[in-house]
Amino acid sequence: MAHRIAEYGLEGSYVSASEKDSPWVPFGDSAFIRHLAFDVRTNSFCNILWVKSGGQLGTHKHRGAVSAMTLEGSFRYLEYDWVARPGDFITELPGTAHTLVSDDPNGMKAVFWMNGTLEFYDDGGDLEQVFDVFWFIDHYVSYCEENNLPINQELFV
Ligand SMILES: [Fe+2]
């Protein structure tokens, strides 16, 4: 079996905490995303979301499973009664929709592993935007191109 793994297997990835490996990319007025992994085979993607105090992420619906852990600060969803603090683990399942806010004075940072798509709706309930792995790749690559930063191939797993 070892020779088959050697022939057909792929190595994993290593992305250090340094911004050289993956920068904080602005996401709206009060948030940043630090991209960690893009898997185009499964339409899954991993990143750290940083929302500054008072920031909000629009109401979105999931079409795949999400797991997340809070790293710093705290955040909550308008639709739920819990607050996610450092070390807290969360899952979000297909079909659920919610609105992320951080009222913490320190904002929030959490790592999210997402599958499928996130659908954003406007106030009238019309579909406004769909985020999938290619949206996240474009978010990262466009920022690198605009700022003359190298594209880190380790992010493409
Ligand atoms: Fe979500």
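The model is predicted, so local features need pLDDT of at least 70 and side-chain atom pairs count only at pLDDT 80 or more, while totals for chains, interfaces and linings use all residues. Residues are numbered from 1 along each chain as its sequence is written, and side-chain values use heavy atoms, with hydrogens and water left out.

Start at the metal. The iron ion is coordinated by His60 (NE2), His62 (NE2), Glu92 (OE) and His98 (NE2), at 2.1 to 2.2 Å. Donors here are N, O and S atoms within 2.8 Å of the metal (3.2 Å for Na, K and Ca); water is not among the atoms, so sites may look incomplete. Along the sequence, the donor residues follow the spacing H-x1-H-x29-E-x5-H. His60 in strand 4 and Glu92 in strand 8 (residues 89-92) are 32 residues apart, and the pair links distant parts of the chain. Strands (E, at least two residues) and helices (H or I, at least four) are DSSP runs, numbered from the N terminus. Both His60 and Glu92 are buried. Buried means under 20% relative accessible area, exposed over 50%, and partly exposed in between (1.4 Å probe, protein chains only).

What is the geometry of the iron site? The angles among the four donor atoms run from 80 to 178°, and the site is irregular. Four donors count as tetrahedral if all angles lie between 85 and 135 degrees; four count as square planar and six as octahedral if opposite donors are over 155 degrees apart and all others between 65 and 115; anything else is irregular.

Next, the core. The largest nonpolar core has 30 residues; Phe27, Leu49, Phe75, Leu100, Met108, Phe112 and Phe136 touch the most other members. Such a core is a set of buried Ala, Val, Leu, Ile, Met, Phe, Trp, Tyr and Cys residues joined through side-chain atoms within 4.5 Å. Helix 2 brings the largest share of this core, seven residues.

Now the spaces. On a 1 Å grid over the protein atoms alone, a cavity is a set of points where a 1.4 Å probe fits but cannot get out; a pocket is an open set with protein on both sides within 12 Å along at least five of seven lines; lining residues have an atom within 4 Å of a point. Grid points are joined across faces, edges and corners, and a volume is the space filled by probe spheres set on the points.

The structure holds one cavity of 30 Å³ or more. The largest cavity has a volume of about 140 Å³. Its lining has 16 residues, with Leu49, Leu57, Phe112, Met114 and Leu118 closest to the centre. Strand 4 gives the most to this cavity lining, three residues. The cavity lining has twelve nonpolar, three polar and one charged residues. Ala, Val, Leu, Ile, Met, Phe, Trp, Tyr, Cys and Pro count as nonpolar, Asp, Glu, Lys and Arg as charged, and the others, Gly among them, as polar.

The largest pocket has a volume of about 200 Å³. It is lined by 14 residues; Phe27, Gly28, Gln56, Leu57 and Gly58 lie nearest its centre. Strand 4 gives the most to the pocket lining too, with four residues.

Finally, two loop residues. Tyr14 sits in the loop between helix 1 (2-8) and strand 1 (25-26). Tyr14 counts as exposed because its relative accessibility is 59%. Asp123 lies in the loop between strand 11 and strand 12. Asp123 counts as exposed because its relative accessibility is 89%.
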